[in-house]
Amino acid sequence: MLQVLVAGGYGRGSVRNYTMEMRLLFQYHHEKQVEQITDQDIMQYIVFIKTVHGVGRAKCRMVAQSCSFFFKHVIKKPFVLPSKLYPRKEFVLPAVMTEAEVKQLHQSITDVRQKAVIGLLYGAGIRLGELKNLKWIDIERLNNRLLIRQGKGNKDRYTLLPKTLVADLENYYRLCRSKTYLFESRQKKDSCTSLHERSLQLIVNNAMTHAGFVSGKYTAHTLRHSFATHLLDGGCDLHAIKTLLGHVKIETTMIYLHLQQSKLNNLVSPLDRLVIIAETPAHEPAS
């Protein structure tokens with residue numbers, strides 16, 4: 001399975017998740033040969049992880065997708081994964097910071113590296129993994145844009161480079177002198193290795209805590225959601241936001257319509273309209 005995934009050019013995340021899910025499934029049904037596992041066995045496993053471990057829809061869907069890939073492309077067994085194995089879709093709005101909260105976060109940062117990390121996540125709307133792989137040569141100052149190489153789905157794209165962040169990045173470079181990646185690991189002095197995603201997330205978490213936010217309330221991905229929502233509030237076109245975020249489908253970007261505040265703030269409830277009309281005094285007849 002690993003060979004098929006690597007040869008097919010799947011991303012590292014997909015390779016890791018697919019192989020891990022199948023390994024756990026095989027451990028659960030250790031008494032059976034792989035060819036003997038049926039859709040009922042898979043359903044039994046999904047029920048187990050839901051009831052015993054309390055996993056959510058995303059985890060169950062990953063198990064179903066991994067099984068579908070394995071049976072279709074690895075052992076090439078005529079197997080169609082029943083749709084009932086996919087849990088019902090949940091609609092949960094992501095957490096988004098207000099502009100005032102982002103300002104509070106930005107003003108509380110004193111560390112140069114923290115300012116660069118937070119500034120890029122919010123100002124460019126990139127993912128944590130994309131920030132990890134960002135190189136100095138990907139910064140195009142003249143065009144005010146960043147080149148995101150092989151983002152999610154192995155696709156290149158451009159996104160915004162905040163003009164106000166350029167000076168912070170220059171200060172950060174003078175301090176760190178990283179060679180290739182913007183954020184490099186200091187464990188190996190002779191090799192250029194990018195900082196791990198967990199380390200970047202820890203930088204964000206520490207900045208959030210220092211700014212006075214409850215631990216765990218906001219994450220690095222919250223800054224990406226806030227980037228998109230605030231762009232939409234500012235009048236940016238939804239398709240432009242889709243391009244900047246690197247979404248494949250416009251439906252993915254449309255979730256930010258539910259988070260948009262500018263239009264909602266101008267709406268008036270029908271009940272309020274009735275009350276306003278009822279309380280408006282009638283004009284007295286002219287004498």
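Trainee: Which residues have the most contacts inside the largest nonpolar core?

Mentor: The general idea first: in soluble globular proteins, nonpolar side chains tend to be buried together. A nonpolar core here is a set of buried Ala, Val, Leu, Ile, Met, Phe, Trp, Tyr and Cys residues joined through side-chain atoms within 4.5 Å. Buried means under 20% relative accessible area, exposed over 50%, and partly exposed in between (1.4 Å probe, protein chains only). In this structure the largest such core has 36 residues, and Leu105, Leu120, Leu121, Leu131 and Phe183 have the most contacts inside it. Keep in mind that this is a predicted model: local features need pLDDT of at least 70, side-chain atom pairs count only at pLDDT 80 or more, and totals for chains, interfaces and linings use all residues. Residues are numbered from 1 along each chain as its sequence is written, and side-chain values use heavy atoms, with hydrogens and water left out.

Trainee: Which element gives the most to this core?

Mentor: Elements are DSSP runs numbered from the N terminus: helices are H or I with at least four residues, strands E with at least two. At least two core residues each come from α5 (99–108), α6 (112–124), α7 (128–132), β2 (145–151), α8 (166–176), α9 (197–210) and α10 (220–233). Helix α6 gives the most, with six residues.

Trainee: And what is phenylalanine 183 in contact with?

Mentor: Contact means heavy atoms within 4.5 Å. Setting aside neighbours within four places in sequence, its partners include Arg113, Ala116, Val117 and Leu120, along with Leu131, Tyr172 and Leu200. There's also a second, separate core of 12 residues, with Ile37, Tyr45, Cys60 and Val63 among them.

Trainee: How do I read α5: which of its residues are buried?

Mentor: Look for Glu101, Val102, Leu105 and Ser108.
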